Amino acid sequence: MKRFISIAVYSTIILGLSTVIAISCSPNFPWQLFNNRKNTLLNLPPLYSFNQQIQQIITISETEKQHFLSSNNILDPSKKNVKTCPQSDDTYKQAAVLYQNKQWPEAYTQFAQLAYNSTPVQKICSTYTLGHIEKKLNRLEDSVQSFILTSYLVSQGAPDPLHLGISALGDAAGIILDQIGTRSLDKEGTIHWQIGPIKPDSLIQLERSINFYAKQALLGDQTGNSSLYNVLNGLTDPNNTNAKILLKQSLTSPLIRKLVVAYILNKDYEPFTLFSARKKNILSIFKEALSEQINFEDDLSNLAAFAYQNNDIDTAEHLARQDWQKQKKGLDAWVLAKISVMKGNRSKAQEYYHQAISTMHDTTIQQDERDRIQGEHATLTLAQGDYLQALEQLWPIRDIYWGDIVYLAENVLTLDELKSFTDKHTFPSNITYEEKLAYTDDYTLENRSLALRNLLARRLIREKRFKEAENYFTNSKNKNKVNTYASLYHEMYHDFWSTNRAIAAWKAAKLMFKDGMELTGTDGYPDQSPGIFAYGISQPNGPKYTLENYKFSTPDEQKRTGVSWPIPNKRFHYRYIAVDYALYAASLIPERSRAYASILCQANGWMQQSSMFESFPFTENKLVVPNSSRHVSDAKFALATSQILYNLYLKNGAYIQFAKNFGHQCPEPNFASITKLKLTFFWDNIKSSLNELKRYSGM
């Protein structure tokens with residue numbers, strides 16, 4: 001009985017190179033530059049997306065893409081995962097059996113006829129299979145041509161339900177690559193390519209191979225991307241003399257040179273793949289080519305950046321200046337700005353940053369890097385003590401560097417400076433902050449404006465400027481809470497009757513414990529109000545606490561930092577304020593009353609609960625605190641406060657039943673009985689005094 005033979009059986013697995021590549025990811029909180037200003041200003045980050053650069057180096061027409069990726073290539077949607085060539089007739093099946101039995105000459109004859117005269121689908125399958133048979137027969141160039149023909153026919157609209165046209169590109173590239181060097185598979189499953197002796201056509205063949213892999217990548221096959229990366233790994237191998245020769249030759253090819261640049265400056269793959277020896281090797285060969293007057297002026301700015309990243313400052317400065325004089329590229333100015341910072345010329349660095357920003361129309365800097373330059377400019381401005389200007393420079397990119405804006409707004413600017421900036425750059429909104437965030441995982445620029453207004457409102461409340469704070473909250477509930485808090489705060493200190501003051505203080509304590517984060521919590525240090533970010537923004541403490549920042553700050557900033565921190569300077573600081581209010585309320589009522597014990601009991605419970613927050617999370621989940629915020633939480637402080645409350649009760653309070661589990665299941669204080677109790681205590685004291693007087697008189 002004749003069998004349906006799977007394409008996977010008689011067609012070799014796609015020969016595209018593959019490797020395990022970890023794509024670096026960042027946590028879901030804002031990127032910050034002020035955490036480590038030395039690193040921000042002196043380090044040059046990776047510049048390009050390797051995958052995006054491929055799209056600029058190689059082009060495929062939209063018509064070709066449509067043909068390669070057309071959904072019409074799947075003849076029957078119910079058979080998307082089939083491996084057998086669809087609509088196979090008996091002649092095709094006979095040829096497939098010959099292939100399976102490794103009868104290469106006979107299989108070749110059969111498939112050659114099918115490739116010439118058959119159904120459209122079988123023609124593609126047959127042409128593709130011919131490529132593998134020719135490889136078996138060591139007819140390598142014929143094999144490459146068969147794969148190229150397969151891809152070409154598909155690009156012109158031939159039906160390709162198995163997507164062999166895209167696979168054929170990788171197959172052709174692999175055969176070509178094997179004629180230049182040797183591929184091997186290590187124990188981890190990673191393919192390594194080692195270049196062999198250089199031949200007259202090695203460079204031409206390398207260009208062909210790279211072209212095919214790049215097209216494969218552009219068509220969405222990730223095998224093409226990883227294959228290109230492995231080709232570049234082999235080409236830049238510092239331990240292979242042949243590779244060094246071919247790499248130098250390759251620099252004369254715009255295609256390969258630009259690919260090498262994308263490789264050395266890429267941000268898609270983990271940097272450990274470009275270990276130090278490899279980087280030095282690449283830089284050395286580039287410099288050698290430059291000395292021999294090989295012309296690649298269009299890549300001088302990239303080479304300057306690469307030289308800077310590898311601590312060859314003289315070369316970086318020479319190339320950047322040379323290119324800046326001729327082409328005025330933003331990347332040149334960026335490199336020169338960093339060199340100026342390194343040499344201590346901050347005013348010159350400011351000029352270069354300004355020029356880098358003003359020349360961002362060129363393609364040497366992509367959007368992420370443009371934002372980074374703007375942020376670095378603000379970092380340098382901050383280092384020179386111009387805080388409001390630094391905030392002005394950050395404001396257009398506030399959706400990216402929000403943590404840095406929070407640092408300035410919470411820690412550096414005076415309250416009136418912040419208020420003035422907020423009035424100038426934001427506006428009241430009838431749409432609440434919470435409503436905005438309910439529909440997005442990320443802040444928009446408008447949401448950031450709302451967030452700044454809320455930050456200012458909370459800071460105003462901490463300074464007891466309640467009326468002003470109300471105008472900046474964007475949530476109507478918070479506006480009402482501000483009014484309530486303001487009234488309670490006034491009443492607890494100014495009401496004539498002590499019991500009323502106690503009641504107001506107790507209500508203020510409960511309000512602060514329950515809603516303190518919304519009303520007075522800091523977005524940054526120490527509360528790290530999380531907002532839409534699960535664990536806050538990990539905002540830095542300030543230059544006094546970070547050595548990397550100290551040299552990039554002014555004495556005035558160091559003095560300002562911390563002045564606006566809440567007291568006590570602990571995470572959930574408002575809970576300690578709640579305890580202070582509770583103690584004040586307790587001081588206004590009889591110590592032997594049940595209400596006195598109830599207040600201390602509840603306050604003790606708040607501190608016990610707070611002591612369980614061993615650090616960073618807003619919820620009870622535990623997380624290690626980053627070093628930059630190591631002082632944010634203090635479980636021991638909360639526990640010690642709890643113990644103080646309990647000792648105070650033991651010293652002054654009356655025994656009550658709930659004292660057995662102090663801090664848990666505490667009743668609400670009954671202030672209604674306080675006046676009667678005070679009268680009772682008053683008359684008891686009068687009677688006691690009279691009795692003492694009588695006893696004294698009778699002596």
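Phe572 counts as buried, because its relative accessibility is 4%, where buried means under 20% relative accessible area, exposed over 50% and partly exposed in between, computed with a 1.4 Å probe on protein chains only. This is a predicted model, in which local features need pLDDT of at least 70, side-chain atom pairs count only at pLDDT 80 or more, and totals for chains, interfaces and linings use all residues. Residues are numbered from 1 along each chain as its sequence is written, and side-chain values use heavy atoms, with hydrogens and water left out.

Most residues other than glycine have a negative phi, and most peptide bonds are trans.

**Positive phi**

- Phe572, which is not a glycine, has a positive phi near 60°, and this residue is found in the loop between α29 and α30; helices (H or I, at least four residues) and strands (E, at least two) are DSSP runs, numbered from the N terminus.
- Lys328, likewise a residue other than glycine, has a positive phi of about 50° and is placed in the loop between α16 (313–327) and α17 (330–342).
- Lys328 counts as partly exposed because its relative accessibility is 40%.

**Cis peptide bonds**

- The peptide bond that runs from Tyr525 to Pro526 is cis, its omega being near 0°, and Pro526 lies in the loop between α27 (498–520) and α28 (547–550).
- Ile567 and Pro568 are joined by a cis peptide bond with omega about 0°, and Pro568 lies in the loop between α29 (555–560) and α30 (573–587).
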